[in-house]
Amino acid sequence: MSKAIIEYVKAQYPEGFIPMHAPVEQFEAQMSAYTGAAHTTAVVNGTSGIHIALHVLDVGPEDAVITQPLTFVATCNAIAYTGALPLFDDVDEDTMGLSPTALAAYLEEACQLDGTQCRHKATGRLIKACLPMHTFGFPCRIQELVALCERWCIPIVEDAAESLGSRVGDRHTGTFGRLGVFSFNGNKIATAGGGGAVVTQAVALGQRIKHLTTTAKQPHRWAYRHETLGFNYRMPNINAALACAQLESLPQFLENKRQLALAYQAFFATRTEQLLWERAGTSANFWLNTLRVSSSAVRDSLLMATNEVGVMTRPVWELMTDLPMYQNCPKGPLPNATLLSQQIVNLPSSVRL
Ligand SMILES: *Cc1c(COP(=O)(O)O)cnc(C)c1O
């Protein structure tokens, strides 16, 4: 939080009065303009954003949702909040995101089309959504996933929590699927302290999300009337003011991240460790710089040596399929996710480095 940002927030509250709407609406307009989405709903965090996205696609306790095992636990928890069963398919080695090749094989083998619905044969459940994630801000093969899922009648929700500023061609991640979800948590490339945003090209669907995340209250000058189950997932205005300020700084953050990534690239060019890079035709935000080493033993000694001297390197998340609450979920073969989970080291990636 720079001084300029604090000034910006102060300017939102000229008389010490917390306004009810203005910063949230400004933030939503800024997000739509920045991502090219037709509609944005600001929400309290990314996790609730994914939850509401699945909820409006009618995902419920009888259903299943496909996702990747290499992700932050929030992706999977949001599926679990709907009561649906997560199904796991492998990631691509280069993008670390859901693999269209693995998904196509899994759909062929384990699923069938019933009219315009896709059914998971072993459990009899309908697959109501596919939830790929743009890992560390590197865009996954989202266009291939969209084409594949269209053939199988499965809507896509993009977990774009880590990919604000990342694009495929000129198009922003999060705008390829039916819905896309961003996070403004404290550790992300732009933060609101906490916060999230759900974007879509389908304006009516976006308006429904706005309604449901604000307790489904019908507009009226004084009466309280709620015609369906709603959620209090609205982003507080104080956070929205921070988010607006951070969005204004985002181009500078992206530039700093890229300069840092280029410095790492120059350093690792002559070494055996592999620095992961954006795929041709895409631009990453380089939220977290990612090194791939040859084994978990090498990873562990690298983690030990760097953290000893105060360099904050980190391993990747444990696979979702190894967590107690998701270990019995159906899954395809996961060779890439398994290798990556043992070989990744994230490097210090602050915009101030
Ligand atoms: C951060 C993150 C989320 C959740 O966002 P919050 O705002 O922390 O709830 C979801 N998915 C992924 C991949 C994330 O990195």
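**Strand pairing and helix packing in the predicted model**

Strands S8 (residues 167-168) and S9 run antiparallel and are joined by two bridges. The model described here is predicted. Within this pair, Val-168 has Arg-171 of S9 as its bridge partner. Both strands belong to an open sheet of three strands, ordered S9-S8-S13, in which the pairing is antiparallel. The edges are formed by strand S9 (171-172) and strand S13 (282-283); each has a single partner strand, so one side of each is left without a neighbour in the sheet.

A second open sheet contains four strands in the order S1-S11-S10-S7, and its pairing is mixed. Strand S1 (39-43) and strand S7 (157-159) are the edge strands, each pairing on one side only. On average, neighbouring strands of this sheet are turned by 20° against each other, with direction ignored. The pairing of S7 with strand S10 (residues 179-183) is parallel and extends over three bridges. Gly-180 in S10 is the bridge partner of Glu-158. Helix H2 (residues 22-35) touches S1, S10 and strand S11 (196-200), and its direction makes about 130° with that of S1. Helix H7 (residues 203-213) also touches S1, S10 and S11, but its direction makes about 20° with that of S1.

Helix H2 has 14 residues and spans 20 Å from its first C-alpha to its last, close to the 20 Å expected at 1.5 Å a residue. Its buried residues are Pro-23, Val-24, Phe-27, Glu-28, Gln-30, Met-31, Ser-32 and Thr-35. Just after the helix, Gly-36 adopts a positive phi of about 80°.

The crossing of the two helices is left-handed. On the H2 side, the contacting residues are Ala-22, Pro-23, Val-24, Gln-26, Phe-27, Gln-30, Met-31 and Tyr-34. They meet Asn-237, Ala-240, Ala-241, Ala-243, Cys-244, Leu-247, Glu-248, Leu-250 and Leu-254 in H8. Among the H2 residues in this contact, Pro-23, Val-24, Phe-27, Gln-30 and Met-31 are also buried.

His-211 lies in helix H7. With a relative accessible area of 19%, His-211 is buried, because that term applies under 20%. Its contacts, leaving aside neighbours within four places in sequence, are with Ala-216, Lys-217, Gln-218 and Glu-227. The C-alpha atoms of His-211 and Thr-41 are separated by 9.4 Å, although the two residues are 170 apart along the chain.

Strand S16 (residues 344-347) pairs with two further strands. With strand S14 (residues 289-292), S16 pairs in the antiparallel sense over four bridges, and Arg-292 stands opposite Ile-344. With strand S15 (residues 314-315), S16 pairs in the antiparallel sense over two bridges, and Pro-315 stands opposite Val-345. Ile-344 and Asn-346 point one way from S16, while Val-345 and Leu-347 point the other way; all of these residues are buried.

How values were computed:
Residues are numbered from 1 along each chain as its sequence is written. This is a predicted model: local features need pLDDT of at least 70, side-chain atom pairs count only at pLDDT 80 or more; totals for chains, interfaces and linings use all residues. Side-chain values use heavy atoms; hydrogens and water are left out. Two strands pair if DSSP finds at least two bridges between them. Axes are lines fitted to C-alpha atoms, for helices over the stretch in contact, and angles run from 0 to 180 degrees between N-to-C directions. Contact means heavy atoms within 4.5 Å. The expected span of a helix is 1.5 Å times one less than its number of residues. Buried means under 20% relative accessible area, exposed over 50%, partly exposed in between (1.4 Å probe, protein chains only). A crossing is left-handed if the near helix is turned anticlockwise from the far one by less than a right angle, and right-handed if clockwise.
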